[in-house]
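User: I would like to learn how to read the sheets, helix packing and domains of a model. Please take one feature at a time.

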Amino acid sequence: MRHKIALVGAGASVNNHLAALKALDDRIDLVAAVDVHAERLRAVCEENAIAHCYTSLTEMLEAESPELVILVTPPATHKSLILECLEAGASVWCEKPLVASLADFDAIDAAERRAGRYVSTVFQWRFGSASKHLKNLIERGVLGRPLVGVCNTLWYRDQMYYNSPWHGKWQTATGGPTMTLGIHLMDLFLWLMGDWDEVQAMTGTLDRAIEVEDISTVLVRFAGGALGTIINSALSPRQESMMRLDFQRATVEVITLYRHNNQNWRFTQPPAIENAEVSAAWNELVENVAGNHEAQLRDLLDSLERGERPLVSGAEARRILEFTASLYKAAATRQPVKRGEITPDDPFYFSMNGAAITGEMTV
Ligand SMILES: NC(=O)c1ccc[n+]([C@@H]2O[C@H](COP(=O)([O-])OP(=O)(O)OC[C@H]3O[C@@H](n4cnc5c(N)ncnc54)[C@H](O)[C@@H]3O)[C@@H](O)[C@H]2O)c1
């Protein structure tokens with residue numbers, strides 16, 4: 001079965017998607033590309049032999065009727081582009097952060113149901129073989145209950161990065177490193193640790209001339225009782241992504257920067273309680289698939305072929321947006337925030353900084 005796909009956005013991150021599309025070219029037809037920036041678009045189309053190029057999404061949808069549209073445009077453009085794709089009958093795979101707020105998510109969710117199509121977020125970290133294996137072991141109860149979690153995205157983004165047209169501003173970026181950097185590892189962390197219950201947080205803008213935070217620090221209590229800490233930083237010269245989960249019967253951790261494969265993961269049992277069954281279960285991990293765009297796209301195509309909802313869509317895509325909205329609210333109000341507390345009568349339902357942000361953006 002072949003899938004008719006169109007790519008929207010030909011900027012810095014398009015190569016991640018082009019590599020994934022090339023790797024899966026036995027299953028897809030990349031029929032068109034779209035960008036409002038005509039020169040950038042032409043270069044990408046020529047380099048990648050994409051036959052049909054458009055500066056208007058509307059024209060592309062009318063002419064090509066793709067089954068799936070991949071959106072690689074700045075965050076504030078996502079909502080309106082997603083709604084247009086759904087109305088045209090296409091499913092959407094959209095870069096993170098999916099949208100700016102829970103209000104935007106709920107509007108998309110309603111449109112998705114009306115259209116009978118799916119909208120999923122790019123969260124490629126979930127799709128590495130080690131992440132999937134760990135999720136399976138947790139669900140089987142092999143490792144015991146999770147008790148302690150650490151989730152640190154310690155990256156470095158200089159002022160040049162924030163001087164770009166959309167980074168660093170609430171309206172265009174939706175937030176700082178919480179929304180645009182740490183969101184990958186936090187999504188994985190929340191997926192693995194189970195439902196979260198309460199969050200406390202501090203944010204700061206310490207060393208970049210930006211509107212949004214350049215650091216957030218977070219405490220989280222999970223519904224099952226586990227406690228966790230999170231740091232999302234754009235200020236860390238020695239960069240690292242580190243997630244560590246301590247279960248009753250083992251510690252499982254990953255240390256890397258932007259991608260992971262099995263070599264980045266470590267499994268440790270308590271010194272006195274060697275349990276052969278637990279380590280044998282971890283060692284069932286033989287296949288070594290990197291958590292990258294190709295792995296997620298493969299999984300997404302499998303879901304579409306089975307007529308099933310893709311993994312990072314619906315409630316699975318809403319979780320991280322509710323968490324980040326709650327985190328920002330906790331930081332702004334200096335009060336703990338409970339899951340479910342942010343409802344349509346709350347300013348943080350409408351934007352991550354609790355301000356009414358309206359209007360769309362085109363770079
Ligand atoms: N998953 C990842 O690992 C990862 C990594 C980096 C960035 N991203 C995400 O990818 C997205 C794009 O980031 P980027 O760094 O490529 O941005 P970018 O600014 O380099 O490129 C965005 C492109 O979108 C185009 N564009 C803007 N508005 C448009 C519209 N309305 N219609 C068509 N094209 C439009 C711009 O002209 C530009 O060429 C962001 O959401 C970002 O958070 C994801």
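**Reading the sheets, helices and domains**

Analyst: Begin with a pair of strands: β5 (residues 91–94) and β6 run parallel and are joined by three bridges. Within this pair, V92 is placed opposite V119 of β6. The model is a predicted one.

User: What is the general idea behind such a pairing, and in what order do the strands of the sheet with β5 and β6 come?

Analyst: In general, the strands of a sheet pair through backbone hydrogen bonds, and the pairing is either parallel or antiparallel. Here the order is β3-β2-β1-β4-β5-β6, an open sheet of six strands with parallel pairing. At its edges are β3 (52–54) and β6 (119–121), each of which pairs on one side only. On average, neighbouring strands of this sheet are turned by 25° against each other, direction ignored.

User: Which helix packs on this sheet, and which strands does it touch?

Analyst: Helix α3 (residues 57–64) does, with contacts to β1 (3–8), β2 (28–34) and β3. The direction of α3 makes about 150° with that of β2.

User: How many strands form the sheet that contains β13 and β14, and what is the pairing?

Analyst: Eight strands form that open sheet, and the pairing is mixed. Reading across, the order is β13-β12-β11-β7-β10-β9-β8-β14. The edge strands β13 (265–268) and β14 (337–338) each have a single partner strand, so one side of each is left without a neighbour in the sheet.

User: How many bridges join β8 to β9?

Analyst: Strand β8 (residues 196–204) is joined to strand β9 (residues 215–222) by eight bridges, and the two run antiparallel. Two residue pairs can be followed in the model: W196 stands opposite F222 in β9, and E198 has R221 of β9 as its bridge partner. With β14, β8 pairs in the antiparallel sense over two bridges. There, V199 has V337 of β14 as its bridge partner.

User: Which strands does α10 lie across?

Analyst: Helix α10 (residues 183–193) lies across β7 (146–156), β8, β9, β10 (227–233) and β11 (235–247). Relative to β7, α10 runs at about 175°.

User: How should I describe two helices that pack on each other?

Analyst: Two packed helices are described by the angle between their axes and the distance between the axes. In this model, helix α4 (residues 78–87) packs with helix α5 (residues 102–115) at an angle of about 10°, and their axes are 9 Å apart. Angles under 35 degrees count as roughly parallel, and α4 and α5 are therefore roughly parallel to each other.

User: Which residues of α4 and α5 meet?

Analyst: From α4 come K79, I82, L83, L86 and E87; from α5 come D104, I108, A111, E112 and A115. By class, the contact of α4 with α5 has six nonpolar, no polar and four charged residues.

User: What does the domain assignment give, and how far apart are the domain centres?

Analyst: The assignment gives domain 1 as 3–124 + 295–311 and domain 2 as 125–290. Their C-alpha centres lie 26 Å apart. In the contact between them, twelve residues of domain 1 meet 16 residues of domain 2. The side of domain 1 that touches domain 2 has eight nonpolar, two polar and two charged residues.

User: Which residues come nearest to the ligand?

Analyst: G9, G11, A12, S13 and E95 come nearest, out of 26 residues around the ligand. By class, that shell divides into twelve nonpolar, ten polar and four charged residues.

Key
Residues are numbered from 1 along each chain as its sequence is written. This is a predicted model: local features need pLDDT of at least 70, side-chain atom pairs count only at pLDDT 80 or more; totals for chains, interfaces and linings use all residues. A residue is near a molecule or strand if its C-beta atom, placed from the backbone, lies within 6 Å of it. Ala, Val, Leu, Ile, Met, Phe, Trp, Tyr, Cys and Pro count as nonpolar, Asp, Glu, Lys and Arg as charged, and the others, Gly among them, as polar. Axes are lines fitted to C-alpha atoms, for helices over the stretch in contact, and angles run from 0 to 180 degrees between N-to-C directions. Helices (H or I, at least four residues) and strands (E, at least two) are DSSP runs, numbered from the N terminus. Angles under 35 degrees count as roughly parallel, over 145 as roughly antiparallel, 65 to 115 as roughly perpendicular and the rest as oblique. Two residues are in contact if their C-beta atoms, placed from the backbone, lie within 7 Å. Domain bounds come from an automatic or database domain assignment. Two strands pair if DSSP finds at least two bridges between them.
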